[in-house]
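Dear colleague,

Please find below the structure for your review.

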Amino acid sequence: ETEDGDTETEDGETEEGGSETGDPSAIPTEGLWSLAVPSVLNDSCNLQSVQDVTTFMPTEFELSGSSSTGFLLDGELSCSMDGGAFTCDEESVMEVVPSLDGNGDMDAQLSISVISSGLVLGTEEMTMKYEVVLQECTSVSNPYNESGDCWLLELVMAFPCYLELGSTASL
């Protein structure tokens, strides 16, 4: 491995990507962290065809309660650390789908689960991965009836489906 974290291949070439493990001795510094614009790692939902999926990931978060065993994101999401890797508790949210023309909302809401994880690279740097599962679509006006406008979304995706975003965060 080179100084900048790239991997050297047998023929002397270097591959970008850095280390697969974090720094087990690094304890993230508490404060307001900024996230770089995320990249799409996997989109089995085909969501990129209907909306900007990078908005699923926040642009910043408050890190607190930091120790060698874990930390809190935004004061409530508990993340546990094992060596230089971390995994946060699963979040479940319901999100109303905006209309495709930008005027109001569709009669559709998504049941979404999110798991955040990553590697602590240093006290002020980490990688972040957001694993988003769109579980199901239901009507907003009648949540017990799965119709509503969900049929429109089902033209471009099958439920459940998976979206994975990756980014780096720094203090």
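Strands, as the term is used here, are DSSP runs of E with at least two residues, numbered from the N terminus. Please note that the model is predicted.

On that basis, β9 (91-98) and β10 (105-122) each supply at least two residues of the lining of the second largest pocket. β9 makes the largest contribution to this lining, with three residues. The volume of the second largest pocket is about 200 Å³. Its lining consists of Gln51, Thr55, Phe56, Pro58, Glu91, Val93, Glu95, Ile112, Val114 and Tyr130. Sorted by class, six of the lining residues are nonpolar, two are polar and two are charged.

Turning to charged pairs, side chains of opposite charge can pair when their charged atoms come close. One salt bridge is found in a search of the whole structure. The partners are lysine 129 and glutamate 164, whose closest N and O atoms lie 3.4 Å apart. This pair links distant parts of the chain, 35 residues apart: lysine 129 belongs to strand β11 (residues 125-138) and glutamate 164 to strand β12 (residues 161-170). Glutamate 164 counts as buried because its relative accessible area is 12%, under the 20% limit. Lysine 129, by contrast, has a relative accessible area of 30% and is partly exposed.

Finally, the surface carries a nonpolar patch of about 440 Å², made by Val50, Trp151, Leu152, Leu155 and Val156. Of these residues, tryptophan 151 is located in helix α1 (residues 150-153).

With kind regards

Note on methods: Residues are numbered from 1 along each chain as its sequence is written. This is a predicted model: local features need pLDDT of at least 70, side-chain atom pairs count only at pLDDT 80 or more; totals for chains, interfaces and linings use all residues. Side-chain values use heavy atoms; hydrogens and water are left out. Patches are made of residues with over 30% relative accessible area and no salt bridge: like charges are joined within 9 Å, nonpolar side chains (Val, Leu, Ile, Met, Phe, Trp, Tyr) within 5 Å. Accessible areas come from the Shrake-Rupley method with a 1.4 Å probe; for residues, only the protein chains shown count as cover. A salt bridge is a side-chain nitrogen of Lys or Arg within 4 Å of a carboxyl oxygen of Asp or Glu. Helices (H or I, at least four residues) and strands (E, at least two) are DSSP runs, numbered from the N terminus. On a 1 Å grid over the protein atoms alone, a cavity is a set of points where a 1.4 Å probe fits but cannot get out, and a pocket is an open set with protein on both sides within 12 Å along at least five of seven lines; lining residues have an atom within 4 Å of a point. Grid points are joined across faces, edges and corners, and a volume is the space filled by probe spheres set on the points. Ala, Val, Leu, Ile, Met, Phe, Trp, Tyr, Cys and Pro count as nonpolar, Asp, Glu, Lys and Arg as charged, and the others, Gly among them, as polar. Buried means under 20% relative accessible area, exposed over 50%, partly exposed in between (1.4 Å probe, protein chains only).
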